[in-house]
Amino acid sequence: MTPIESTAVVTAITIALFAWNRLPVIIVAIGAALALWATGAVTLEQAMAGFGDRAVLFIASLFIVSAALEKTGVTAWAGQLLIAKAGENRSTRLLIIIMAAVGCLSALISGGGAVAALMPVVVMAAIRLRQSPSQLLMPLAFAAHAGSNLLLTGAPKNILVSEALEDAGMKGFAFAEFALVGLPLLAGTMLIILLLGKHLLPAQSSARLPADFSRHAQTLVEHYGLSDGVFRLRVRASSLYLGKAPAELDLTGDPRLQLIAVQEGATGKPLRAPAISVGDYLLVKGEAEAIANLAAEKHLALREDGAEDETGPSLFNRRSGLAEVVIPPRSALIGRPMFPGMITDSGDLVVLAVQRGGVDLETGDVLQAGDTILLEGSWKALDLHLEDPDVLVVNSPDLVRRQAVPMGAGAGVAVTVLAGLVVMLATGIVPPAVAGLVSAGLLILAGTITVEQSYRAINWTTVILVGAMMPLSTAMVQSGAAQLVADHLVALTGGAGPAVFLAGLFVLTASLGQIMSNTATTMLVIPIAMAAASGMGVSPRPILMSLCVAGAASFLTPIATSTNMMVMGPGGYSFNSYWKLGTPLMIWFFVIAVFYVPLVWRF
């Protein structure tokens, strides 16, 4: 077979296998790359080149940045803000805010960057509102496609068509000129998704969702019968406890109060210094009224500076939190006594409660398999010591912290790096891959996220899928298959007038865009569009703008764009999930490209 025939056969089989959805998408994609090499359509270097492509590195780095934002509580904060704006049980308003936000952000940076920044926020909002992320993530990606047409910086294809005009000696498209077509595209996309999304998107996601830990502290307080509350009181400079030894503190005068521990202000660990200093904490259990009286009498601060949530200063804050553990069979702790207020062997965790079958243990009781313990300490200490095989952690402290502590430790660094990434992508001072890798590297160097956590953060299915499908795009261009299709298009539609040519151009560009990047598709079709405009004696401006719209209509397959693939795993979508909602959006983009564009940019 000729290279063109080989490419056509491999493309058809690949699409069929994706649609069949019985084989892992990675196997199909890698098989397509190897088949193109085996048939001689591409060299071995070209078949493997996609795994080192800058787009693949950019996508991988975005996953790391996204994980850092989630780990530091930035996404929890943004999710709370999003829910507050949308309102409880207001799924329609939430969807509008999500699509408007990603559309505007995509106009400034790449669609991949916008989706990566907002995807964890959207998942968090879906969990909090008990809504399936599958109803939100595909609209997120599709709105990003529409938003890429708002400004010149929205996508590389926008710059390519503008440069094509300049190369022909004409004035290029202005920075905001794309908004004339981008605004109706985005508005129509949002309207179609609002009207049809619930019916055409999967009602339930196959992806397993994390639990909602936004009110985890309150849940543990209720479960362990700490209804009166456990409060962390900060020692002020005027406090009567200042300079006293921890052993000298006596709260027995009020039966409603119980001193659990005295903690260092800097670390949150049990105090080892001989005397209490300014900024140290008293961990006290008791009734709210008694706690308030104690704080007023002894000059203790009830809240951290800037704390707003009622559980923040006492149980969950940036430095410390709670963890629930279970004693497993054959644990070395079986037979040992444990009671509230006890300090663990590590010296930096405090026991708040011990239960057996939901009932508090009596003083002097020893641990048995199945007993549960509620521990309090710094997040670092919880992460470090709860890997002990003698206990089983009920909920990972790291996962709890990500949801329950908005804007936690390292949030400032993560937000600063994200802002820098946005600036680099918007200004184009460095290539996107460089901007992404620099941002990910800075987060690792700052200790915001570890190397191991970075590896786990990357969605390797997406990364491998992008890399493995790139040889198909190379083969279509190199073999001449794409050029052959384009030449036939000009021959068939060129003599029927510019409107018919625009329709044919849209079909060609959008079809290629389902299996090729819109940048590669645009680069391929621009010379054909310019030649056709010259042959028909019309202005190339409407033709190139129509081409730009068609390049963004990548809705039918998950392999069409990186944004489509990024939401595939978290949304639990299959290959067939995309075309259902993508088809009406394709029709809307066709109407804009063929009928609306010539009204704004005359032939």
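Strand β1 (residues 230-235) is joined to β4 by 2 bridges, and the two strands run antiparallel. The model is predicted: local features need pLDDT of at least 70, side-chain atom pairs count only at pLDDT 80 or more, and totals for chains, interfaces and linings use all residues. Residues are numbered from 1 along each chain as its sequence is written, and side-chain values use heavy atoms, with hydrogens and water left out.

Helices (H or I, at least four residues) and strands (E, at least two) are DSSP runs, numbered from the N terminus. Two strands pair if DSSP finds at least two bridges between them. Strands of a sheet pair through backbone hydrogen bonds, either parallel or antiparallel. Here, 4 strands form an open sheet in the order β2-β3-β1-β4, with antiparallel pairing. Strands β2 (257-263) and β4 (300-301) are the edges, and each pairs on one side only. Val-235 has Leu-300 in β4 as its bridge partner. Between β1 and β3 there are 5 bridges, again antiparallel. Leu-233 is partnered with Leu-282 in β3. Strands β2 and β3 pair over 6 bridges in the antiparallel sense. Gln-258 stands opposite Lys-285 in β3.

Helix α12 (residues 288-298) lies across β1, β2, β3 (281-286) and β4. It runs at about 5° to β1; axes are lines fitted to C-alpha atoms, for helices over the stretch in contact, and angles run from 0 to 180 degrees between N-to-C directions. Burial follows relative accessible area: buried is under 20%, exposed is over 50%, and partly exposed is in between (1.4 Å probe, protein chains only). In β3, 5 of the 6 residues are buried, so the strand is largely enclosed by the rest of the structure.

The charged end of Arg-232 sits over the ring of Tyr-281, 5.8 Å from its centre. The rule requires NZ of Lys or CZ of Arg within 6 Å of the ring centre and within 35 degrees of the ring normal.

Two helices are mostly covered. In α8 (residues 137-147), 11 of the 11 residues are buried. In α14 (residues 397-404), 7 of the 8 are buried. The buried residues of α14 include Asp-398, Arg-401 and Arg-402.

A nonpolar core is a set of buried Ala, Val, Leu, Ile, Met, Phe, Trp, Tyr and Cys residues joined through side-chain atoms within 4.5 Å. The largest such core has 132 residues. Within it, Phe-18, Leu-140, Phe-142, Leu-544 and Phe-589 touch the most other members. A second, separate core of 35 residues includes Ile-260, Phe-316, Ile-327 and Leu-382.

Aromatic rings of Phe, Tyr and Trp (its six-membered ring) pair if their centres lie within 6.5 Å; planes under 30 degrees apart are stacked, over 60 edge-to-face, and the rest tilted. The count by this rule is 8 aromatic pairs. The rings of Phe-173 and Trp-601 have centres 6.3 Å apart and planes at 85°, so this pair is edge-to-face. Phe-173 lies in the loop between α9 (156-167) and α10 (179-200), and Trp-601 in the segment after α25 (577-600), so the pair ties together parts 428 residues apart in sequence. Phe-173 is buried at 4% relative accessible area, and Trp-601 is buried at 6%. Phe-506 and Phe-590 are also edge-to-face, because their ring centres are 5.4 Å apart and their planes lie at 80°. Phe-506 is in helix α20 (residues 498-512) and Phe-590 in helix α25, 84 residues apart. One aromatic cluster is formed by Phe-142, Phe-555, Tyr-573, Tyr-578 and Phe-589.

Technical notes:
Contact = heavy atoms within 4.5 Å.
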